Structure formats: C-alpha cells, structure tokens
Amino acid sequence: MTISSNPTAPLVVVVGSTGKQGGSVIQALAESDKEYRIRGLTRDVSKPQAQRIATQGVEMMNVNLTADNADAARAAFKGANIAFIVTNFWEHLDKAREVAEGKMLVATAKAADVELLVWSGLESAAEVSQGKYGHVDHFDSKAEITTYARKSGVQLLIVQAGAYASNHLHSPQKEADGTYTLGLPVGPNTILPIIDAVHDYGLFVREGIECPKFGAGTEVLASAEDISVAEMLVQLSMITGKKVVYKRISDEEFMAATRAPHHVALELLEMWKYFEEFGYFGDKDTSSSRQHLNRTPHTWADFVREADWSSILV
Ligand SMILES: NC(=O)c1ccc[n+]([C@@H]2O[C@H](COP(=O)([O-])OP(=O)(O)OC[C@H]3O[C@@H](n4cnc5c(N)ncnc54)[C@H](OP(=O)(O)O)[C@@H]3O)[C@@H](O)[C@H]2O)c1
Ligand SMILES: *[C@@H]1O[C@H](CO)[C@@H](O)[C@H](O)[C@H]1NC(C)=O
C-alpha cells in the first residue's frame, strides 16, 4: 500500500473517490508497484470515508462536480497526468444532468491536457437494441458521454463496469414456507457479467492503464465472470445453506416491486429485458479484459462467501 508523494510520479485525479468505483481505483493503484500520486475528489473532505483515504497519502480535495461548476472542476484537475471519471445517475435519476456533468468532466480533463482519461462508460441499450429498449437512461447517458469524449480527441480509455455483485445483497424475498425467492422479469438463463466493484473495479482500471495491450483508444470490460441468474442462486443457496430460488415474475409485478417512480421502474424493467435479449455489453466478449489482471478478481461465489447475508437471509 503505497501512494507516492514524489513530484515526478504521475498525478492521477480520481472522481468519486469515496464511492465504490473511485475507491476501488485508488486501492488498485496503491497496490501497484508503479508509483502514482493520487488526488481524490469529494464534496466533503471532512467525512470519515474521505479522512480514511487521506491517511493513505491521497490528497483529498473538495469540489462539487456539477455542470455549472466547471471552474472549480478545472482547479481540481490541474496538473493531472491521468484522470478517472465516473458519473452517478442514481443520486438524481436525471439523464440530462448526468450527460451534462459527464461532458463537463470530459472537457475539463481534455483542457487539463491529461495523457489518459479513464471513463466509466456503458453501452447504449437503445442503440444495441436498435430502438427496442429506449428507456435505459443510465446506460444511454453513459454512451452519449462516450461519444462526446471520442469526438473531443482526448486520449480515452473506457472501463465499463459489469453488474455489481452487491446489487443482489438485498434482493431475495422471504416466502411463507421459509425459503427465499428472487423475482425477475426475465428468464433464468439471463447472463450477467458480474463484478465485485469495491474489490475489483480498480483492478481492471489498473490493467487498462498499465498493460501495453490497453491504454488510450481501447476498452476494458470489467467483469470477473459471465454467469446466469439461475446459477447465481444455485451458488448462493449452496454457500449460505439457505434455499434461494429463481422466480419469473410479470413485468407489472416487477415494476411494482421496484417501488420506484414509473419512469425508473420502466428503466429497470427494460434494462433486464435488454440484458436478456442483447447482453449487458451487447455482443462484446469479456474474456480478453481478464487476461492481464494483476490478481484474480472475486467471482460471484467469492463475493457471496465474504458478504454479510445475516440481515437478508434471516
Ligand atoms: N450498480 C451497478 O451494477 C452498476 C454497474 C455499472 C455502472 N454503474 C454506475 O456506477 C455509477 C455510480 O458509481 P459508484 O457505484 O462508484 O457510486 P457510489 O459508490 O454511490 O459513489 C458515488 C461517488 O460519486 C461522488 N459524487 C456524486 N456526485 C458528485 C458531485 N456532484 N460532485 C463530486 N462528487 C460526486 C460521490 O462523492 P461524495 O459523496 O463523497 O461527494 C461518491 O464518491 C452510476 O452512474 C451507475 O450507473 C453501476
Ligand atoms: C452541488 O451543486 C448542486 C447543483 O448546483 C447543488 O444542488 C448541491 O447542493 C451542491 N452540493 C454541495 C455539497 O455543495
């Protein structure tokens, strides 16, 4: 665990440093035998999580990265050799806002003359499905930012995050007979590219930065394994000793179960249909992205073994 203070070491500016992806990027670069200086951005350097990161030698900096705050963003990216950027749709559920913030971050990194911009993009579900699924905003928004970044001419490395293993920590429902079900509006053979984001997203970013096969102009798909939801539940049952079974539910049942506003429920429904019919990454193959990692990423089973299920599989 070393983060450099040597002024000749490249400076990596990390957006979302207190979050899952950005935090994982910091951990992975700290594990590297290469030297990096790291500046972590947050809206609140005083919070415990930010303080913890600072004790590792990361320069933590306060900045609110909204589209109307580009001047402050410029100051935060000053001197960066590498920038890692991520946008957070789930905080506001607003596609236009996510796109505006993402474009601002890209333009700011470009203006800072970074040697490499690492962007946490996703596919456009609308484009991959040729218009069939047009409401998967948090995918389409990231693809729109990718298009903008490509056009900007910045040295761009895309590291798409797979489906977080942690998404499923709260999803099983207890049935009257004491077993558990996971209800989804898709078939049991739907495949997810699973990643333990906190543990491993940064591992893929490190590969993208350090491995000569990747770097600017390339894309890394961050997934430890491609696994069906049915197989995930078989493994979950085996490891926890609780019976968790797959349950196909109707679109209406699924939307109601999300307890989200209609447009968000529809977005999540279409997301699952998109995964089932077209694939999370479209038809892109994830295996080449796993070939040059510095350690083995957690599989779904590894995640299940380490996670605390006590409050959910009670
Ligand atoms: N769940 C999945 O399966 C999955 C898969 C692929 C992609 N994603 C995408 O991942 C993204 C979220 O990333 P994450 O999981 O790392 O999120 P997270 O753990 O919730 O962290 C969000 C980070 O963003 C920072 N942030 C948010 N708004 C900010 C602002 N205005 N100014 C400065 N910093 C700001 C937060 O910093 P502070 O709070 O400290 O300011 C925090 O560090 C989402 O867009 C989602 O679509 C999720
Ligand atoms: C960040 O900016 C947004 C939009 O201008 C504002 O709503 C929010 O309160 C700001 N957050 C902080 C912590 O300054």
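Strand β6 is covered on both of its faces: Leu156, Ile158 and Gln160 are buried on one side, and Leu157, Val159 and Ala161 are buried on the other. Keep in mind that you're looking at a predicted model.

**Strand β6 and its partners**
- β6 spans residues 156–161, and six of the six are buried, so the strand is largely enclosed by the rest of the structure.
- Strand β5 (residues 116–119) pairs with β6 in the parallel sense, over three bridges.
- One spot to look for in that pairing is Leu117, whose bridge partner in β6 is Leu156.
- β6 also pairs with strand β11 (residues 219–222), again in the parallel sense, over four bridges.
- Here you can pick out Ala161, which has Ala222 in β11 as its bridge partner.

**Around ligand 2**
- Which residues are around ligand 2? They are Asn64, Thr66 and Asp68.
- Asn64 has a polar side-chain atom 2.3 Å from an oxygen atom of ligand 2.
- On its own, ligand 2 has 360 Å² of accessible area, and the protein covers 37% of that.

**A nonpolar patch on the surface**
- Val234, Met238 and Ile239 make up a nonpolar surface patch, with about 280 Å² of accessible area together.
- You'll find Val234 in helix α8, which runs over residues 229–240.
- Val234 has 43% relative accessibility, so it counts as partly exposed.

Definitions and conventions:
Residues are numbered from 1 along each chain as its sequence is written. Chains are lettered from A and ligands numbered from 1 in the order in which they are written. This is a predicted model: local features need pLDDT of at least 70, side-chain atom pairs count only at pLDDT 80 or more; totals for chains, interfaces and linings use all residues. Side-chain values use heavy atoms; hydrogens and water are left out. Buried means under 20% relative accessible area, exposed over 50%, partly exposed in between (1.4 Å probe, protein chains only). Helices (H or I, at least four residues) and strands (E, at least two) are DSSP runs, numbered from the N terminus. Two strands pair if DSSP finds at least two bridges between them. A residue is near a molecule or strand if one of its heavy atoms lies within 4 Å of it. A polar contact is a pair of N or O atoms within 3.5 Å; within protein, one must be able to donate a hydrogen and the other to accept it, and residues adjacent in sequence count only if both atoms are side-chain atoms. Accessible areas come from the Shrake-Rupley method with a 1.4 Å probe; for residues, only the protein chains shown count as cover. Patches are made of residues with over 30% relative accessible area and no salt bridge: like charges are joined within 9 Å, nonpolar side chains (Val, Leu, Ile, Met, Phe, Trp, Tyr) within 5 Å. A salt bridge is a side-chain nitrogen of Lys or Arg within 4 Å of a carboxyl oxygen of Asp or Glu.
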